[in-house]
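Hello,

Here is the structure we talked about. Please open it and keep it beside you while you read the notes below.

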Amino acid sequence: MLDAAARRLIDPPLNRLGRALARRGATADGVTLTGLALGLVAAALIALGAPGWALVPLLASRLADGLDGAVARATRKTDWGGYLDIAADFAFYGAVPLAFVLADPAVNGAAGGFLLAAFYFNGTTFLGYAILAEKKRMETSAQGIKSLYFSNGLLEGTETIGFFVALCLWPEWFAPLAWIFGALCYLSGTLRLIGARAVFRG
């Protein structure tokens, strides 16, 4: 819901930094993989019981996630790069809830399982919409210039990162926050399904 507004604020500085990195030989795929590695380090710290320390690599990971597209635009965009980016994003989004479950399975297990199932459903509606949009040659740049069609939703990347930051700051609230955010993910996916029915049924 907030991604379009956030992109208008962050894209100009990201594009400048992306051009600077490209001039120094950075590649978009390299930045994507660096972001994934940082995200997995954050998840490992959470699983080891240090969610506060996880904030630095977590936020650095999301900075890299924004920079890979900026580097690609400054060099050469490829379908593979877009594919790698979305796969890395989904790996990161799944790793963080799993880490909280591993940190305290008895307290966080049920809520974490519910949240991961909600992510799975919401991600499926997102990717399925992108496939159908490609078949119909639909285009949008509301969430920035992307390699695939980004349908909007109640919860998007900005909200998810804010949620992860909150979990790291208040890990004792993981279970109630996960139940709430998971329910909102199901709602977001359901609303996307309803919108897709109106667009693609004919």
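A disulfide is counted when a pair of cysteine sulfur atoms lies within 2.5 Å. By that rule the structure holds 0 disulfides. The sulfur of cysteine 168 has its closest cysteine sulfur in cysteine 185, 16 Å away, so the two are too far apart for a bond. Cysteine 185 is in no disulfide either.

This is a predicted model: local features need pLDDT of at least 70, side-chain atom pairs count only at pLDDT 80 or more, and totals for chains, interfaces and linings use all residues. Residues are numbered from 1 along each chain as its sequence is written, and side-chain values use heavy atoms, with hydrogens and water left out.

Are these cysteines buried or exposed? Buried means under 20% relative accessible area, exposed over 50%, partly exposed in between (1.4 Å probe, protein chains only). Cysteine 168 is buried, at 3%. Cysteine 185 is buried too, at 2%.

Now helix 6. Helices are DSSP runs (H or I, at least four residues), numbered from the N terminus. Helix 6 covers residues 157-169. Its buried residues include Phe163, Phe164, Leu167 and Cys168.

Last, a helix pair. Helix 2 (residues 28-47) packs against helix 4 (residues 79-103) at about 5 degrees, with axes 8 Å apart. Axes are lines fitted to C-alpha atoms over the stretch in contact, and angles run from 0 to 180 degrees between N-to-C directions. Helix 2 is therefore roughly parallel to helix 4, a label for angles under 35 degrees.

Best wishes

Terms used. Helices (H or I, at least four residues) and strands (E, at least two) are DSSP runs, numbered from the N terminus. The expected span of a helix is 1.5 Å times one less than its number of residues. Angles under 35 degrees count as roughly parallel, over 145 as roughly antiparallel, 65 to 115 as roughly perpendicular and the rest as oblique.
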